[in-house]
2 protein chains.
Amino acid sequence: MDVILHDLCGADPARRFSPYCWRVRMALAHKGVPHEALPWRFTDKAAIADAGTDKVPVLRHAGRAVHESWAVLEYLEDHWPGAPSLFGGEGGRALARFVNAWSDSVMVPGVARLVVSDIPALLAPEDAAYFTRSREKRFGRPLAEVTADRATAVEAFRRDLHPLRMVLRERPWLSGPTAGAADYIAFGPLQWGRCVSAFPLLEAGDPVHAWRGRLLDAFGGLARNSPAEDLT
Amino acid sequence: MDVILHDLCGADPARRFSPYCWRVRMALAHKGVPHEALPWRFTDKAAIADAGTDKVPVLRHAGRAVHESWAVLEYLEDHWPGAPSLFGGEGGRALARFVNAWSDSVMVPGVARLVVSDIPALLAPEDAAYFTRSREKRFGRPLAEVTADRATAVEAFRRDLHPLRMVLRERPWLSGPTAGAADYIAFGPLQWGRCVSAFPLLEAGDPVHAWRGRLLDAFGGLARNSPAEDLT
């Protein structure tokens, strides 16, 4: 296969859950780029060391190894210019960077704080130990404590999604008449959450929920058919 | 003049402060559209009633009256296609709508909560009474109470600007190689704040502060030369 993606997985190699890898998988599908999404685990640092990183996604193509999801999206746009655009032009590329910043700084920590304690049980033992140790250090407390109040904390998370909701109340996609990079960028954290936790991040009836459903169904149900916990 | 903008003002007709009107004024300058920005006061409802609204901005051109700042930006892009683009293509137009939603739902209430009590003193008596009554109803308490803790509340506001900061740390504008609609959309609430209140919304050294400075200087200092209270 000409294109390889190192894609985070759990103990079950079919359990793919990284928010950043999901951005790339949706973008690869959008571009119609044939590829192999190889399972990669948190402690497989050696498999990607040559790419100069210890995190996925890493995309391999034509002897190059591109890491960091935003860099991979730009790489795909630039190297498959004849395939459907991810950005819809240079103005769209520039503002997708803002959506990326918003997703990384509002959505990712928002989802983490609601589901992080459910992740270790899905990981291989060595990965679970690594994950728990590194995340408890980051949060400064046991993961079970981080999510203990999630039944109420989810309200603030849903409020923080309001800018997304405002747009999706009036149109089906963020990116224009069809889905694009900005949609996949915002979808990644929600797909992460539903793949690792049965805790429902979204309410039925929320335009964000309906949009997530459209993205789950896109590309023949690529995201919907991946093993998940929250099936709402 | 072929193009007229009804532009919110204070007791001094030169005091222009609406976040939504500032978006349009910057966009008119970007497009190089000759126009007259007529002073309009909160209680001048009759002057714009024919436009089917009781709020500015209202843009008059070729017998039409367009209201709501987003609609005006689209109108300018579509009716002056030969002038520099505000959106940089259709992808940029679509995502500028997200920036607009984020600015309206995060920045505007964030600024309001820090400066609203300073506004009545700048208004003509009739407008001040209208403004105080309507805003106290909205906040459910006296305006002085809303801003009483602003010395500490500003920290949360500055944190909420983080997505903007992430982008502006790495590039000078949101919209691409030059400023565009998304920049003006996010600038509007900050310009509103500095025009009505000496309370400093931003810290020197913040990339958002430096970006605001570049926009204040744009178009011959259009925004910098307008009467303001916060000169930091």
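Helix α4(A) passes α4(B) in a left-handed crossing. A crossing is called left-handed if the near helix is turned anticlockwise from the far one by less than a right angle, and right-handed if clockwise. The model is predicted, so local features need pLDDT of at least 70 and side-chain atom pairs count only at pLDDT 80 or more, while totals for chains, interfaces and linings use all residues. Residues are numbered from 1 along each chain as its sequence is written, and chains are lettered from A and ligands numbered from 1 in the order in which they are written.

The two helices each span residues 90-115 of their chains. Helices (H or I, at least four residues) and strands (E, at least two) are DSSP runs, numbered from the N terminus. Two packed helices are described by the angle between their axes and the distance between the axes. For α4(A) and α4(B), the angle is about 35° and the axes lie 7 Å apart. Axes are lines fitted to C-alpha atoms, for helices over the stretch in contact, and angles run from 0 to 180 degrees between N-to-C directions. The residues of α4(A) in this contact include A:Leu95, A:Phe98 and A:Trp102. Those of α4(B) include B:Leu95, B:Phe98 and B:Trp102. Two residues are in contact if their C-beta atoms, placed from the backbone, lie within 7 Å. By class, twelve residues of this helix contact are nonpolar, four are polar and none is charged. Ala, Val, Leu, Ile, Met, Phe, Trp, Tyr, Cys and Pro count as nonpolar, Asp, Glu, Lys and Arg as charged, and the others, Gly among them, as polar.

The contact between the chains takes 25 residues from chain A and 25 residues from chain B. On the chain A side, α4 and α8 (162-168) are the elements that give two or more residues. The largest share, 13 residues, comes from α4(A). This side has 14 nonpolar, nine polar and two charged residues.

Chain A is divided into domain 1 (3-79) and domain 2 (90-221). The bounds come from an automatic or database domain assignment. The centres of the two domains, taken over C-alpha atoms, are separated by 18 Å. Domain 1 of chain A gives 18 residues to their contact, and domain 2 of chain A gives 20 residues. On the domain 1 side, α1 and α3 (69-79) of chain A each supply at least two residues. Helix α1(A) gives the most, with seven residues.

Within chain A, strand β1 (residues 3-8) and strand β3 (residues 58-61) pair in the antiparallel sense over four bridges. Two strands pair if DSSP finds at least two bridges between them. A:His6 has A:Val58 as its bridge partner in β3(A). Strand β1(A) also pairs with β2 (residues 36-40) of chain A, in the parallel sense, over five bridges. There, A:Leu5 is partnered by A:Ala37.

In chain B, four strands form an open sheet in the order β2-β1-β3-β4, with mixed pairing. Strands β2 (36-40) and β4 (64-67) of chain B stand at the edges with a single partner strand each, so one side of each is left without a neighbour in the sheet. Neighbouring strands are turned by 25° against each other on average, direction ignored. Helix α1 (residues 19-31) of chain B packs on the sheet and touches β1, β2 and β3 (58-61) of chain B. Helix α3 (residues 69-79) of chain B lies across β3 and β4 of chain B, at about 130° to β4(B).
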